[in-house]
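Here is my note on the model you sent. Please read it with the structure open.

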Amino acid sequence: MTTPKRYLITSALPYANGHKHIGHLAGAYIPADIYVRYLRAQGRDVVFVCGSDEHGTAIPIQAMKEGTTPQAIIDKYHTIMKENFDDLSVSFDVYDRTSAPVHHETAQEFFTYLNDRNLLVTKESEQYFDEAANTFLADRYIKGTCPNCGFNGAFGDQCEKCGTALSPDELINPVSTLSGNPPVKRATKHWYLPLDQHEAWLREYILEGHKDDWRANVVGQCKSWIDGGLQPRAVTRDLDWGVKVPLNTPDAAGKVLYVWFDAPIGYISATKTWAQREGKDWRPYWLDKETKLVHFIGKDNIVFHCIIFPLMLKLHDYIVPDNVPANEFLNLEGDKMSTSRNWKLDMQDYIDDFIKKENGGPALADCLRYYLTSIAPETKDSDFTWKGFQDAVNGELLNKFGNFINRTMVLMHKLTGGKVPKWHADTVTERDNNLIREIQNAKAKIENLLEEYRFRDALGEVIALSSLGNVYLQETAPWLAAKKLAEGGSAAEEAQKLIDNSLHLSLQLCANLAILINPFLPNTAKKMCYLMKVVDGMLEWKNAGSLKLLSVGYSLRPPELLFRKIEDEEVQYQVEKLKAGLEKAKAAMEAENNVNPVPSTGLAGEPSAVNAAGSVNKSDIAHQTSDIKSEIQYDDFAKLDLRIGTVTACEKVPKADKLLQLTVDMGNEVRTIVSGIAQHFSPESMVGKQVMVVANLAPRKMRGIESQGMILTAEQPDGKLILVGPNESVDNGSGVR
């Protein structure tokens, strides 16, 4: 495999609208930082870019919540996030922001380049408009009653009580958050990226070119999107906050670039900022095919970074990503993390409660990095628990890795005067040779895992090597040899050689462990260099495997503990803090809704996990086991009337990309049902299918069509929807028990 000439590594741009939690940290930032630190230790030409995503409706919405301006919001949270990443030792070469002039210029140039070459298309559509405020309304500027759980404060894109993904058309009694008035529909023109015109290239690029080297979850989600039929995606929107559309025409007035379009261009503008600061040329990092581009993201960003942004890059003649090692989700104490429910652990909270405390410091940053890497959700969702954190730090990091380093340093000061002892080649044992082979082989094993983005396994190899050191010390037992040495006699010389060889080899292993742990726990590696009185240059990757890192007779500093114990009281405090935050958020949400709402659909007394289209809520994917609702009685379930019907006709709802209108034979009647599954099923594929219908759901109008039921579907981890129906043909109207 040819080594790339240079590397450009990105982490997903976090929204500057609030604190970010450790799920973000585990998904996109620590894995990227590990990879970058490894590349730097290799001496590779690498640039690590990130920055705050400061556009989109989330920013002005947060400004309204905090009673301030969008500019004040992005200034506040950009500063907080940058400091958080510094405190947690995430080593960006540049942490930029999309409000910077260089970004606006870069994003506008990108739009102009595509538009001038007719690579964008325009379409007219209807959108909600606030006549009092004289403005079109983005989804988040519309509130109404959730059709799923009855919550009165649901937004036009999602209900923050039950988590269901929505569209403004699905809200009951929608109103503008700007004026409080019901909005009206008006026609508006927008520019679109025609994804459907480039399906062949996307199939070749992803499903053929990267089917073997990209993670299965990434390829699977991309395949689901492509197989489901790609649709043009709006590049512009009606909003007064963002990058202005660079056209001097009436159609472009009051429009900005859609945040999904402008945000990833932030990687390019951030590279420009870095290059200008360093006196370098940014172009080779985006134009030279010998550059390896890698995006680190969470799975909710796969489509944008694997389908949409690569196509944008290709159309602009930039390089495309070589890999997108997306992580799954990190849960918290058995439940999905949720900002709206306040079930989360913010980076700031961990920093305040551990790193900034009197007995904290950089070592506590490494403790979090260690645990998050050891449970990294690389192939499936994982769960952060405070007990797990305590066990990982106390039982693995402290008792294995830290214990070996400390024991070696203590014994060296006690038995060899604080200096690196001699190596006696004439008395080398098979036990010595076995450890030497493990030290020399570790470099290649860990290197291969890092190159494959298997950071969890790579870290495990480092800890396993330190465990071998503990076993070696225990078996050689230099403290017992010291007793023989004190007794004198003929065995004294042999005892001295055993002490020297045992501690010499253990010290060389300590130096190797500093090199190997450096990408994962940089503060720990730096502390180890301090104790061994060596410069950081020893941490270069080429030195791993060497048994001559510490010179004979060299004096080392007295031992210091690398980590401290996590106490039971700290764990209990954090668990209670979580529960209190959840109750506080629940009370606030109920106050906003005035009363504890009774759902209009789903199981009585609890919000349903199925949305108005009948699909499992996307934000709940892969959390179904841990997100089970509270217990209900049989009588609650009995209120649902589930019946089987056959789809006899199906067509798309005009001017509604997500909606299909189905005619369903229910046995003794025929019903019209509107379902939000158009992006997953074609109309012709639905005809003849038997489906499960919530038959006693109150009718409601969607796009002027009265929907008389709900089609049930389930969503797989890769985003694909599966119809819920009988395994074999049954009579229409049959009940489901």
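1. Burial terms and ground rules. Buried means under 20% relative accessible area, exposed means over 50%, and partly exposed lies in between (1.4 Å probe, protein chains only). The model is predicted: local features need pLDDT of at least 70, side-chain atom pairs count only at pLDDT 80 or more, and totals for chains, interfaces and linings use all residues. Residues are numbered from 1 along each chain as its sequence is written, and side-chain values use heavy atoms, with hydrogens and water left out.

2. Domains. The bounds come from an automatic or database domain assignment. Domain 1 is made of two segments, 6-117 and 257-327. Domain 2 covers 121-193, domain 3 covers 399-555 and domain 4 covers 636-735. The centres of domain 1 and domain 2 are 28 Å apart, taken over C-alpha atoms. Their contact (heavy atoms within 4.5 Å) takes 11 residues from domain 1 and seven residues from domain 2.

3. Helices (H or I, at least four residues) and strands (E, at least two) are DSSP runs, numbered from the N terminus. Two strands pair if DSSP finds at least two bridges between them. Four strands make an open sheet, in the order 3-2-1-13, with parallel pairing. Strand 3 (94-97) and strand 13 (291-296) are the edges, each pairing on one side only. From one strand to the next the twist averages 25°. Angles run from 0 to 180 degrees between N-to-C directions, with axes fitted to C-alpha atoms. Strand 2 (residues 46-52) pairs with strand 3 over four bridges. V49 has V94 of strand 3 as its bridge partner.

4. UniProt, in an unreviewed entry, lists C146, C149, C159 and C162 under "binding site". Such annotations may be inferred rather than shown by experiment; feature names are shortened and positions follow the numbering used here. The four are spread over 17 residues of sequence, yet they cluster in space, with a largest C-alpha distance of 8.8 Å. C146 sits in the loop between strand 6 (142-145) and strand 7 (154-155). C146 is buried, at 0% relative accessible area. C162 lies in the loop between strand 7 and strand 8 (172-176). C162 is also buried, at 8%.

5. Salt bridges. A salt bridge here is a side-chain nitrogen of Lys or Arg within 4 Å of a carboxyl oxygen of Asp or Glu. The count comes to 39. Which part of the chain does K577 tie to helix 18? K577 lies in helix 18 (residues 568-592) and its partner D353 in helix 10 (residues 347-355), so the pair ties together parts 224 residues apart in sequence. The closest N and O atoms of K577 and D353 are 2.8 Å apart. K577 is partly exposed at 31%, whereas D353 is buried at 14%.

6. Two further pairs. K223 and D227 are four residues apart in helix 6 (residues 216-227), about one turn of the helix. Their closest N and O atoms are 2.6 Å apart. K223 is partly exposed, at 42%, and D227 is partly exposed, at 41%. R564 and E570 also form a salt bridge, at 2.8 Å from N to O. R564 is buried at 19%, and E570 is buried at 19%. Shared partners join E199, R203, K223 and D227 into one salt-bridge network.

7. UniProt (unreviewed entry) places a "coiled-coil region" at residues 425-456. Over that stretch the chain is 75% helix and 0% strand. The end C-alpha atoms are 37 Å apart.
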